[in-house]
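Keep the structure open while reading.

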Number of protein chains: 2
Amino acid sequence: MMKAPFHVYSVLLLALAVSLTSCSQQNATTVLEGNAAELTYVAPGEYDEFYAFMSGGYSGQITAYGLPSGRLLKEIPVFSVYPENGYGFSEESKPMFNTSYGFVPWDDSHHIELSQTDGEFDGRWLFVNGNNTPRIARVDLTTFETVEILEIPDVAGLHCAPFITENSEYLVSGTRFSVPIPQADVPITSFKENFKGLINYVAVDQESGEMSLAFQIEMPGFNYDLARNGKGKSHGWSFLTTYNSEQAHTLLEVNASQKDKDLLAIIDWKKAEEYFKAGRGTERTTSYYHNQLDESSGIAASTEMTTTTILDPAELPDMVYFIPVPKSPHGCDIDPTGEYIVGNGKLSADMSIYSFDKLMATIEAKDFDGDINGIPILNYESGLHGILKKPGLGPLHTEFDGKGNAYTTFFISSEVVKWDVEKLEILDRQSTFYSPGHLTIPGGETKKPFGKYLVAMNKITKDRYLPTGPELAHSAQLFDITGDKMKLILDFPTKGEPHYAQAIPASMIQPNSKKFYAIEENTHPYASLGEGQAKVTREGNQVHVYMTAIRSHLAPDNIEGIQMGDEVYFHLTNLEQDWDVPHGFAVQGANNAELLVMPGQTKTLKWEPFRPGVFAFYCTDFCSALHQEMSGYVRVSPKGSDVELVWGLNDENKSAQTSR
Amino acid sequence: MMKAPFHVYSVLLLALAVSLTSCSQQNATTVLEGNAAELTYVAPGEYDEFYAFMSGGYSGQITAYGLPSGRLLKEIPVFSVYPENGYGFSEESKPMFNTSYGFVPWDDSHHIELSQTDGEFDGRWLFVNGNNTPRIARVDLTTFETVEILEIPDVAGLHCAPFITENSEYLVSGTRFSVPIPQADVPITSFKENFKGLINYVAVDQESGEMSLAFQIEMPGFNYDLARNGKGKSHGWSFLTTYNSEQAHTLLEVNASQKDKDLLAIIDWKKAEEYFKAGRGTERTTSYYHNQLDESSGIAASTEMTTTTILDPAELPDMVYFIPVPKSPHGCDIDPTGEYIVGNGKLSADMSIYSFDKLMATIEAKDFDGDINGIPILNYESGLHGILKKPGLGPLHTEFDGKGNAYTTFFISSEVVKWDVEKLEILDRQSTFYSPGHLTIPGGETKKPFGKYLVAMNKITKDRYLPTGPELAHSAQLFDITGDKMKLILDFPTKGEPHYAQAIPASMIQPNSKKFYAIEENTHPYASLGEGQAKVTREGNQVHVYMTAIRSHLAPDNIEGIQMGDEVYFHLTNLEQDWDVPHGFAVQGANNAELLVMPGQTKTLKWEPFRPGVFAFYCTDFCSALHQEMSGYVRVSPKGSDVELVWGLNDENKSAQTSR
């Protein structure tokens with residue numbers, strides 16, 4: 001492998017440093033005019049116009065913000081355990097974290113994709129990738145709960161995911177890190193021979209939203225970074241950026257920044273689907289987990305999957321193409337018409353904009369410039385709509401307003417730039433504070449952008465808010481894009497790394513939002529569907545407490561006869577049937593979190609007593625004026641004690657069912 | 001035990017339900033006037049005026065909000081593991097979760113107390129209680145990091161904590177749930193004979209902030225709910241509310257709501273301290289953990305403590321008193337002069353306000369009305385300043401503006417009420433949406449309130465924001481209290497349960513905020529203080545990777561020779577020395593979270609490889625334009641493989657130091 005001279009590397013770093021310093025010295029407040037306060041103020045009792053769903057980056061979660069207020073409405077736990085409501089700690093939710101690597105309690109969530117019908121948001125589901133231990137999750141937008149997590153086998157760094165097709169047919173999901181596929185104990189220096197990428201097509205059931213891994217396309221060992229699927233005229237095609245087409249395995253900062261151009265992968269996924277359905281793939285044994293929440297019982301279950309189908313472009317023609325794209329691109333974005341495809345080459349001075357029609361003509365004419373592993377490389381010039389010259393430094397991501405304008409973030413020069421997609425003319429540029437990664441415009445990646453706002457997600461905050469010690473919140477900046485010039489109107493800190501977002505009109509989610517779970521539909525096997533069903537049973541050393549919560553008592557609230565060595569399962573059913581009356585549950589000394597149980601739900605906390613004595617439990621959610629009174633005691637006796645297993649409420653005690 | 005007739009209970013519930021329903025039908029927007037948008041808008045690049053530190057309730061954490069913007073500046077992890085930055089997952093932070101019950105990864109954080117000097121905030125530390133598995137934590141306000149957690153032994157439900165004295169001498173911390181002390185396997189029905197409360201005095205070192213358990217005062221088996229310590233003239237005294245003076249052990253909602261009055265405990269803590277120092281306490285063997293972060297190495301360590309000193313009021317006269325207080329009180333609040341003590345009887349129609357001078361005279365005159373376990377009960381009328389009649393339903397907490405006014409939250413009637421402390425006259429009432437628990441006024445519990453704003457922390461949100469399924473954010477409502485009438489100006493959702501808060505002028509925190517850790521002061525034993533110190537060593541099956549991070553590479557980034565069965569410790573040192581340049585670290589398949597490492601810090605991630613192959617690791621924080629290139633590979637071979645342990649960067653590989 002060629003090594004980069006170190007002076008190249010030093011010059012590059014210096015350039016970055018200078019850019020960052022100069023932008024830091026601008027003053028944001030000078031760009032503000034007029035009525036920003038009124039534009040962003042949502043008065044008490046009024047609602048925001050949009051939901052913005054932001055990936056949490058290294059938090060592994062999703063946050064839902066209201067726009068234009070910038071208020072954090074909810075953090076939705078997805079890939080990381082969440083003690084706040086017991087996700088990952090309750091027995092029902094633990095299976096969501098199962099993978100072929102065991103229980104993995106964290107991930108790095110990057111790209112949110114709202115489900116689409118005919119290229120427009122339909123408000124049903126939200127998909128997000130786990131980058132570190134490759135997974136895709138689905139959130140149900142009626143409950144704002146993670147209902148499914150599908151592992152992607154044999155790959156590393158599922159960064160380039162889960163980009164959705166026009167009718168939510170597939171989530172195209174490429175791999176950031178190439179690895180031996182299947183895994184093998186080989187030298188890292190054998191990268192070019194042994195390491196591969198995979199582009200994974202995850203099918204989505206159109207009715208249920210359920211995911212399944214359809215097929216995996218084996219690709220050269222590059223780093224696949226971001227993608228979009230065609231829409232309208234380009235429906236049926238996927239476009240993915242790659243970097244490290246140098247195939248470096250060490251010091252990528254230098255060694256993957258050698259070539260002037262990397263490659264954009266272009267996939268005819270309808271052709272791939274045909275090959276897959278025709279049995280032209282290779283089935284391979286593997287292992288990955290599919291975790292799903294049963295919404296009626298509230299219990300998640302894991303299934304280990306054992307086979308996968310690989311499609312090899314070297315053997316299956318007319319399926320995959322490459323075209324050169326300027327240096328180390330990040331985003332690959334397609335305008336609402338489906339015609340223009342933007343390559344954001346982050347280390348390039350210019351941006352390449354491709355024409356779908358020209359790409360198709362280039363393919364048709366077999367106007368190729370060689371191939372890589374049998375994958376034809378399209379002639380760069382032939383596919384190009386044109387070049388956007390000197391738009392800024394470090395372009396990362398572009399979205400659209402549906403009026404012919406594109407908006408791109410520039411990480412290094414810390415700005416957002418508005419430009420005309422057809423004419424390739426710069427229309428406006430505004431500073432951001434500082435270093436934006438992605439941006440979002442409501443519907444800005446769909447056939448029907450809603451426009452109005454642009455949110456830049458900035459990676460460096462520094463002096464933007466009151467300091468919080470060395471660790472600072474990242475920030476989001478809200479621009480009004482209704483006029484010719486973009487106007488910065490609000491700056492709000494965010495949770496985790498607000499890596500990427502999609503925003504959708506509230507009217508598409510709000511009417512379907514579930515208020516509580518109907519108790520009569522609760523199929524949890526340990527549910528108590530009324531206080532009369534509360535009981536305690538023993539099976540060997542497992543004690544099951546069927547407990548109910550209703551304002552303002554737990555039943556039973558006195559339990560005796562637990563012994564050291566027992567595993568106690570508190571199954572709490574919240575009997576309330578009204579909106580916003582959760583009950584919580586905690587027991588002293590648990591090596592566990594709390595349970596937060598919504599009306600009509602049952603959740604289970606496992607508790608292993610630590611010493612004999614009498615221990616308190618209580619409702620953790622301030623549910624009523626008598627919430628402080630909503631508590632109870634559990635008595636723990638030494639192993640083998642003759643204290644009888646009894647339970648009760650208000651001293652009306654009953655003996656428990658026991659089988660030893 | 002007497003059982004409550006069920007009709008009493010039904011009537012009470014009905015009353016609550018009616019109150020809640022009627023308040024829900026009001027419309028918040030009608031109370032808004034004029035310039036609320038301008039009053040709460042903090043323009044991009046400008047700062048909030050106050051930090052509001054809110055306890056997270058069932059999240060176990062603390063959130064720092066800016067006022068008046070309501071922006072979430074940071075969630076500070078305290079009692080609950082926090083995958084977002086690796087707290088509780090890094091080797092350095094795990095000891096913070098040690099307790100006498102083992103590793104406890106969650107708690108319920110209720111009351112924040114900022115350190116005080118001479119009865120005013122001094123901006124140094126912040127203390128908060130863990131309610132479920134009794135603990136108190138200290139946060140360093142220069143770093144916004146949890147630096148100490150002290151377990152409180154032998155108690156249950158450390159709700160009534162950690163209320164600070166005028167010069168941060170002590171944190172008075174009473175127990176919500178009485179239990180056998182020390183623990184014993186006794187019938188729950190023996191509550192009255194066997195169950196006790198403890199009021200714990202935790203001493204705070206005036207220089208370092210370090211906590212230590214000084215003494216525990218044994219108290220009757222009531223539920224101790226909230227407390228304040230005297231200030232000015234009343235300095236040296238603690239005041240604690242109790243409920244369940246009925247000593248019920250089941251169905252407290254009914255059985256602990258029997259008596260018309262409960263008791264306020266009054267403690268002469270200077271007398272208690274004298275007794276303690278004179279050896280008049282009883283030393284008892286116990287077990288509790290004291291966990292402290294060494295700020296120079298960043299490593300937390302646990303010490304098991306084994307003795308405690310109990311002071312018995314029955315044997316030690318003139319130390320503890322009771323006085324009756326209206327039914328089931330929550331807050332006990334003292335005005336800035338130290339003279340007026342407010343008992344917020346949540347089930348009473350009136351509020352009792354005591355006079356410190358009169359209480360002292362009552363004690364002096366031995367004007368007692370019997371005793372409980374040798375603790376004299378002061379004559380209620382003698383200690384009273386007066387009664388605030390019919391202020392609202394369900395008073396919970398009162399703070400002050402320093403101008404003679406008190407502000408009380410009413411949970412059931414959903415309002416905040418302003419009243420004259422001296423004259424006991426209602427001055428204003430404003431609706432809240434809905435059911436406020438605590439409120440905060442900046443400095444409102446100190447000798448020097450800053451006034452200006454009032455934040456009500458509401459327990460029920462329902463229709464206040466865009467819906468997020470069954471689980472909704474709780475809310476905070478910001479009132480402008482500069483005029484005669486309170487004005488609701490902002491409504492913002494919060495994280496966890498915003499149980500309680502204190503707000504402090506930003507100017508008292510901001511100048512001392514640490515920007516990064518000086519690398520030359522890093523004493524972590526596995527730190528690499530420069531890239532030249534990066535290395536890999538093996539000791540048996542433990543492999544230590546001394547790794548560095550600087551924009552934009554990790555060193556080493558290629559590691560071979562790891563074997564199945566190894567425990568790999570990645571010790572990542574962030575070499576940056578500038579503000580807001582964290583680096584993160586994650587490795588595929590870890591049954592662990594990420595590390596988020598601030599400049600100058602070292603943190604350690606334990607990884608146990610799951611299968612042979614080549615696995616990726618990468619920086620998880622978007623740190624530079626070449627962040628996507630900041631990655632590496634670790635090769636895992638089968639156990640006993642002869643692949644040599646080597647590491648390198650840019651193919652300049654070195655053999656690792658090995659001792660087997």
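## Contacts and rings

B:F97 is buried, because its relative accessibility is 0%, under the 20% cut-off. The model is a predicted one. B:F103 has a relative accessible area of 32%, so B:F103 counts as partly exposed.

The structure contains 68 aromatic pairs over all chains. The rings of B:F97 and B:F103 make a tilted pair, because their planes stand at 35°, which falls between the cut-offs of 30 and 60 degrees. The ring centres of B:F97 and B:F103 lie 5.3 Å apart. A pair of aromatic rings is described by the distance of the centres and the angle of the planes.

Now the two chains. How many residues does the contact take from chain A and from chain B? It takes 171 residues from chain A and 170 residues from chain B. The size of an interface is often given as the accessible area lost when the parts come together. Between chain A and chain B, the buried area is about 14600 Å². Carbon and sulfur atoms give 58% of that area. A:L466, A:F622 and A:Q628 supply 6% of the area that chain A buries against chain B.

The side of chain A that touches chain B has 88 nonpolar, 47 polar and 36 charged residues.

Chain A is itself divided. Its domain assignment gives domain 1 (6–512) and domain 2 (519–659). The contact between them takes 12 residues from domain 1 of chain A and 16 residues from domain 2 of chain A. The centres of these two domains, taken over C-alpha atoms, are 44 Å apart. On the side of domain 1 that touches domain 2, the residues are 3 nonpolar, 5 polar and 4 charged.

The table sets out both interfaces.

| Parts | Buried area | Carbon and sulfur share | Salt bridges | Residue pairs in polar contact (both at pLDDT 80 or more) |
|---|---|---|---|---|
| domain 1 of chain A and domain 2 of chain A | about 1100 Å² | 49% | 0 salt bridges | 6 residue pairs |

Between domain 1 of chain A and domain 2 of chain A, the count is 0.

Technical notes
Residues are numbered from 1 along each chain as its sequence is written. Chains are lettered from A and ligands numbered from 1 in the order in which they are written. This is a predicted model: local features need pLDDT of at least 70, side-chain atom pairs count only at pLDDT 80 or more; totals for chains, interfaces and linings use all residues. Side-chain values use heavy atoms; hydrogens and water are left out. Domain bounds come from an automatic or database domain assignment. Contact means heavy atoms within 4.5 Å. Buried area is the accessible area (1.4 Å probe) that two parts lose on being put together, summed over both. A salt bridge is a side-chain nitrogen of Lys or Arg within 4 Å of a carboxyl oxygen of Asp or Glu. A polar contact is a pair of N or O atoms within 3.5 Å; within protein, one must be able to donate a hydrogen and the other to accept it, and residues adjacent in sequence count only if both atoms are side-chain atoms. Ala, Val, Leu, Ile, Met, Phe, Trp, Tyr, Cys and Pro count as nonpolar, Asp, Glu, Lys and Arg as charged, and the others, Gly among them, as polar. Rings of Phe, Tyr and Trp (its six-membered ring) pair if their centres lie within 6.5 Å; planes under 30 degrees apart count as stacked, over 60 as edge-to-face and the rest as tilted. Buried means under 20% relative accessible area, exposed over 50%, partly exposed in between (1.4 Å probe, protein chains only).
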